[in-house]
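Hello,

I am handing over the structure we talked about. Please open it first, then read the notes below.

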Amino acid sequence: MTEAAPSPPAPATTPHAAGLWALFVVSVLGLFVELLLIRWVGTEIRIFAYLQNTVLVVCVLGLGMGCWDARTPFRLRDVLVPLLLVTALLAVPTTRFFLGHTITEMLAQTGTLEFWGTEESSGPERAALAAVGLTLATGVMYLLWAVFVPVGRLLGRLLDEHPRPLVAYSVNVAGSLAGILLFVACSALSLPPVGWFAVFAAGALFLLHGTARARLIDGALLAALVGLGVLAGTEPGWNETHWSPYQKLSVWSVDGPRPRTAWAKVRGARAPGEQGNGSYLITVNNVGYQSIIDLSPAVVAADPEKFNPKPDASGRVRADQHGFSRYDVPLKLHPSPKSVLLVGAGSGNDAAGALRNGAESVTAVEIDPVIIEIGRRLHPEKPYSDPRVRVVNDDARSFFATTDQKFDVIGFGLLDSHTSGSAMVNTRLDHYVYTRESLQQAKSLLKPGGVMVLSFDAYKQHIGDRMNTALTEVFGEAPIVFHIPYNAFGWEGVSFVCGDLPAARAQVAADPKFAALVAEWTRDMPYTLPGTTEVPTDDWPYLYLERRQIPPLYGLLAVALVALFAVGSQRVAGARSVARWGRPEAHFALLGAGFMLLEVQNVSKAAVVLGNTWAVSAVIISGVMVMILLANALAGVTRRVPAAAVYAALVATCLGLYFVDLARFAFLPYPAKAAAVGLLTSLPMLFSGLAFARSFAAAPRKDAALGANLFGALLGALLQSLTFVIGVKALLLVVAALYLLAALTRPRAAPATEPAAA
């Protein structure tokens with residue numbers, strides 16, 4: 001017989017204050033674990049780093065189905081057992097490497113979306129590989145779902161049984177806000193997984209209830225979770241591993257022993273010891289990212305075996321590249337490169353190249369603070385310690401909008417991304433750096449006669465053609481384009497030279513060695529540039545997508561979610577009530593879908609105007625929570641305002657934002673800009689919160705209402721994929737339509753003075 005531990009204190013049997021405290025703690029822990037899993041699963045199973053919203057959707061599905069099953073008793077171990085299984089799979093190196101490599105490689109066979117460090121197969125086996133990968137991914141998704149079903153049960157019960165529904169809902173929102181801030185603090189401190197699990201375990205002690213045996217079992221599970229967290233934060237054989245606010249970074253000294261990890265599992269990373277590239281290799285989320293390379297003249301001259309030209313696979317001997325690495329080339333193209341801006345500066349290779357070529361002032365912009373710290377410590381040439389170098393920890397797009405400096409040379413240093421900007425969006429960290437608007441901003445920072453060199457590993461024709469077409473539109477003439485190969489002097493990539501092209505060509509022609517290299521690199525371009533690929537914009541920033549379409553992978557994941565719901569429904573009795581949904585449930589689902597898409601809009605607009613950093617995303621999402629609390633506080637004051645007026649204001653503000661280009665505020669000082677963006681994007685949130693508060697206060701069953709609302713949020717997250725076709729801004733039209741339908745499906749029995757129940 002299964003031993004059932006009673007639920008934590010609930011308002012039905014304890015003072016209301018105790019019930020609210022229980023609700024607050026559960027809300028904090030629920031949101032904290034949700035963010036933890038979004039971050040960690042995306043780190044170890046890399047495909048979810050690009051698709052973080054998939055993990056979010058699974059967590060929301062679990063919460064929603066749990067709310068429908070709120071009458072089932074809550075047991076802490078029902079949360080801990082699946083969480084422990086996920087942790088074991090991702091903490092033990094063998095299973096971690098197997099799952100991370102296999103699922104990512106297999107799902108990458110669906111094509112259209114480009115994932116760094118994966119290889120596409122050819123022939124009929126692609127479909128079979130994708131099917132196996134989807135099966136494995138669905139298994140992981142099931143465990144994530146299972147973590148949140150019992151959390152949803154407890155949330156639904158606590159909300160349903162409290163006599164003041166808006167007060168209880170406000171406590172739920174406040175707890176969610178606290179959970180966000182708690183995980184933000186962990187990210188800011190770059191805590192490893194053991195730190196995350198220790199924080200969770202400390203909070204979960206409040207939920208230890210029931211018999212002594214039950215408390216002992218749950219306590220042992222919490223201790224095991226923290227213990228596995230220690231294992232999860234290590235990489236066997238690597239010199240060091242760090243958890244930045246964005247990603248996991250591992251460092252290997254090329255001169256040291258090979259890591260015990262099978263090298264083939266570190267996808268995309270050539271073995272530097274064999275290829276002769278760099279002093280250290282830095283990987284991001286288990287894939288090769290960048291090398292720290294010492295190209296000082298003395299080091300290059302002392303190792304001719306490593307740096308002298310060698311025959312390639314065809315037997316051709318390449319031109320001598322001494323003094324002309326990809327990090328030297330940008331400054332070689334300008335007659336007097338005194339001031340230099342480097343975006344995507346990484347661990348310092350580009351800054352070292354600028355200093356070797358006479359730069360008097362170098363501004364190095366890098367979004368990841370941990371990469372800066374690694375470069376400061378480990379780069380042999382110590383560029384970040386040079387007084388001529390100013391290191392700026394910021395997003396490139398944000399820096400473009402806020403600086404008032406002008407530069408002789410601007411270099412994009414192989415600036416790419418291995419993760420999305422937020423679980424709320426389907427854009428990657430680098431997407432908004434390469435839009436037409438961003439490149440126009442970069443151009444405006446050039447001094448007269450300045451040169452801009454954009455280097456990128458554009459290994460697919462449509463990516464290279466997209467960049468070439470965008471730069472042609474922005475600068476009014478086609479750039480100089482060539483492909484620099486991978487060798488001892490750096491990683492490979494296509495370089496696009498813009499700006500004062502006559503001066504750049506003169507610099508090349510004046511040096512026979514440089515001219516020979518550029519001619520060779522031009523011949524080595526792996527494809528032509530027809531100029532037919534759509535240019536990325538702030539409204540459609542999808543750099544890696546060949547054309548406007550919903551990637552097939554999103555369809556497969558939708559199938560997995562349907563399967564997950566079908567299987568989960570057999571375990572969650574209340575979920576079967578979906579088949580009996582009526583007008584009230586549809587109303588709350590539409591509110592949830594509209595709200596989720598509004599959050600997507602807010603984070604996307606903030607990324608464009610304020611920067612695509614983790615801090616901006618956290619502040620915007622926290623601001624959404626604050627706006628809900630404000631709406632709840634105003635619900636009683638505005639109870640005499642007709643509901644139709646609230647929905648009219650909601651739809652009108654959504655439509656109004658559609659016609660407002662928030663990028664116009666980019667020139668303002670940062671505080672004023674943040675205030676303007678925050679105020680304008682928050683207006684629909686305020687009216688949305690008021691609409692929900694009215695309906696929620698009058699709902700006869702709060703657990704069913706919250707479950708339907710969460711199910712709608714899941715629908716909204718899936719609808720986000722429409723941006724691949726219609727663009728980001730058009731989502732506001734979808735949001736307006738959803739809220740209009742919500743107004744039309746509002747339960748007729750709800751009186752106009754519902755909020756007075758609060």
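**Salt bridges**

Glu 360 and Lys 338 join their side chains in a salt bridge, at 3.5 Å from N to O. This pair ties together distant parts of the chain, 22 residues apart. Glu 360 sits in the loop between H14 and strand S6 (361-366). Lys 338 sits in the loop between H13 and strand S5 (339-343). Lys 338 is partly exposed, with a relative accessible area of 36%.

Please keep in mind that this is a predicted model.

How many salt bridges does the structure hold? The count is 19. Another one pairs Asp 328 with Arg 356, whose closest N and O atoms are 3.3 Å apart. Here too the pair links distant parts of the chain, 28 residues apart. Asp 328 lies in the loop between helix H12 (304-307) and helix H13 (329-332), and Arg 356 in helix H14 (residues 349-356). Asp 328 counts as buried, at 5% relative accessibility. Arg 356 is partly exposed, at 26%.

Then look at Asp 160. Its side chain meets that of Arg 71 in a salt bridge of 2.7 Å, N to O. Asp 160 belongs to helix H6 (residues 125-161), while Arg 71 is in the loop between helix H3 (52-68) and helix H4 (76-91), 89 residues apart. Asp 160 is buried, with a relative accessible area of 16%. Salt bridges with shared partners join Arg 71, Asp 160, Arg 701 and Asp 703 into one network.

**A buried lysine**

Which side chain of opposite charge is nearest to Lys 702? It is Asp 160, 5.6 Å away. Lys 702 is buried yet has no salt bridge. Lys 702 is in helix H26 (residues 702-719). Leaving out residues up to four places away in sequence, Lys 702 touches Leu 159, Asp 160, Pro 165, Phe 696 and Ala 697.

**Helix H24**

Helix H24 covers residues 643-658. At 1.5 Å a residue, its 16 residues should span 22 Å. The end C-alpha atoms are 23 Å apart, which agrees. The buried residues of H24 are Ala 643, Val 646, Tyr 647, Leu 650, Val 651, Thr 653, Cys 654 and Leu 657. They cover an arc of only 155 degrees around the axis, so they are on the same side of H24. Their cover includes helix H22 (583-609), helix H25 (670-698) and helix H28 (731-744).

Leu 650 is worth a click. Its relative accessibility is 0%, so Leu 650 counts as buried. Beyond residues up to four places away in sequence, Leu 650 touches Pro 684, Phe 687, Ser 688 and Tyr 739.

S1 (residues 240-243) and S2 run antiparallel, joined by four bridges. A hairpin of four residues connects S1 to S2. His 242 has Leu 249 in S2 as its bridge partner.

Strand S2 (residues 248-253) has six of its six residues buried, so it is largely enclosed by the rest of the structure. Lys 248, Ser 250 and Trp 252 are buried on one side, and Leu 249, Val 251 and Ser 253 on the other. S2 also pairs with S3, antiparallel, over five bridges. Val 251 stands opposite Ile 282 in S3.

S3 (residues 280-284) and S4 pair antiparallel as well, over five bridges. Val 284 has Val 287 in S4 as its partner. Two residues lie between the strands of this hairpin, and Asn 285 takes a positive phi near 50 degrees. In strand S4 (residues 287-292), six of six residues are buried.

Best wishes

Methods. Residues numbered from 1 in each chain as written. Predicted model: local features only at pLDDT ≥ 70, side-chain atom pairs only at ≥ 80, totals over all residues. Heavy atoms only, no water. Expected span 1.5 Å × (residues − 1). Buried < 20%, exposed > 50% of the residue type's maximum accessible area, 1.4 Å probe, protein only. Arc of directions from axis to C-beta. Contact = heavy atoms within 4.5 Å. Lys, Arg positive; Asp, Glu negative; His and termini not counted. Salt bridge = Lys/Arg side-chain N within 4 Å of Asp/Glu carboxyl O. Pairing = 2+ DSSP bridges.
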